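Hello,

Here is the structure you are taking over. My notes on what was found in it follow below.

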Amino acid sequence: MLDIRGVIRRAVPGDALQLEACMQKAYSVYKKRMNGNQLPPLEADYKGEIVSYPVWVLDKGDEILGGVILMFHPTYTQVANIAVDPDYQGHGLGRRLLGFAEEKSVERGCFEMRLATHRLLTENVAFYTSMGWEESGRDDFRIFFKKRLETT
């Protein structure tokens, strides 16, 4: 059993290279399925993302195991990117990051969360559905999801 007791903390610019490596590794498992099409998160400037948006990482001390990038709007939160290193998937880290993102959204007074995933990433579709997300639309490449938040 892997030791995955990491902490979720706010990312700092010095995390950019490790976060990028984690995201690249997480999305690399889909490259063959994507037939050469690039996924937008792989083109991101992670240092810029960390400076411009709320970004959190799941940090195991010497290694970033996952991360989540959020964009807060007045009534909803957009999950711009979320990923877990494939070596650590299947241990609840994605659920933990999404739960953390929900907590932050509720703290900000948001009533809903939104995200999109590529239609070919069927594992993601199943994962989000299992977490209570509902499909809210589609385009040629993406499936859009939303989740109503319980606010107090």
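I will start with helix 4, whose buried residues pack against strand 4, helix 3, strand 5 (112-118) and strand 7 (142-148). Please bear in mind throughout that this is a predicted model.

Helix 4

Which residues of helix 4 are buried? They are N124, V125 and Y128. Viewed down the axis of helix 4, these buried residues fall within an arc of 100°, so they line one face of the helix. Just after helix 4 comes G132, which takes a positive phi of about 90°.

The second largest pocket

Helix 4 also takes part in a pocket. The second largest pocket holds about 390 Å³ of space. It is lined by 18 residues, and the closest to its centre are V84, Q89, G94, N124 and F127. At least two residues of the lining come from each of helix 1, strand 4, helix 3 (93-107) and helix 4 (122-130). Which of the helices gives the most to this lining? Helix 4 does, with four residues.

Helix 3

Helix 3 has 15 residues, and from its first C-alpha to its last it reaches 21 Å. That is close to the 21 Å expected at 1.5 Å a residue. The buried residues of helix 3 are L93, G94, L97, L98, F100, A101, E102 and S105. Just after helix 3, G109 takes a positive phi of about 85°.

Helix 1

Helix 1 covers residues 16-28, which makes 13 residues. At 1.5 Å a residue it should span 18 Å, and its end C-alpha atoms are 18 Å apart, which agrees. The buried residues of helix 1 are A16, L19, C22, M23, A26 and Y27. They cover an arc of only 130° around the axis, which puts them on the same side of helix 1. What do these buried residues pack against? Their partners are helix 2 (46-52), strand 2 (55-59), strand 3 (64-72) and strand 4 (76-84).

Cysteines

C22, in the buried set of helix 1, has a relative accessibility of 3% and so counts as buried. C110 counts as buried too, because its relative accessibility is 1%. A disulfide is a covalent bond between the sulfur atoms of two cysteines. How many disulfides are there in the model? The count comes to zero.

Strand 1

I8 lies in strand 1, which is made up of residues 7-10. Not counting residues up to four places away in sequence, I8 touches W56, V57, L58, R96, L97 and F100. I8 and L65 are 57 residues apart along the chain, while their C-alpha atoms are separated by 9.8 Å.

R9 is in strand 1 as well. Is R9 buried or partly exposed? Its relative accessibility is 25%, so R9 counts as partly exposed. Leaving aside neighbours within four places in sequence, R9 is in contact with D15, V55, W56, V57 and D59. Between R9 and T75 there are 66 residues of separation along the chain, and their C-alpha atoms are separated by 24 Å.

Two loop residues

D62 is in the loop between strand 2 and strand 3. Its relative accessible area is 60%, so D62 is exposed. D62 and G6 are 56 residues apart in sequence and, C-alpha to C-alpha, 9.9 Å apart in space.

D87 belongs to the loop between strand 4 and helix 3. With a relative accessible area of 47%, D87 is partly exposed. The C-alpha atoms of D87 and L65 are separated by 8.5 Å, and the two residues are 22 residues apart along the chain.

Regards

Definitions and conventions
Residues are numbered from 1 along each chain as its sequence is written. This is a predicted model: local features need pLDDT of at least 70, side-chain atom pairs count only at pLDDT 80 or more; totals for chains, interfaces and linings use all residues. Side-chain values use heavy atoms; hydrogens and water are left out. The expected span of a helix is 1.5 Å times one less than its number of residues. Buried means under 20% relative accessible area, exposed over 50%, partly exposed in between (1.4 Å probe, protein chains only). The arc is that of the directions from the helix axis to the C-beta atoms. Contact means heavy atoms within 4.5 Å. A disulfide is a pair of cysteine sulfur atoms within 2.5 Å. On a 1 Å grid over the protein atoms alone, a cavity is a set of points where a 1.4 Å probe fits but cannot get out, and a pocket is an open set with protein on both sides within 12 Å along at least five of seven lines; lining residues have an atom within 4 Å of a point. Grid points are joined across faces, edges and corners, and a volume is the space filled by probe spheres set on the points.
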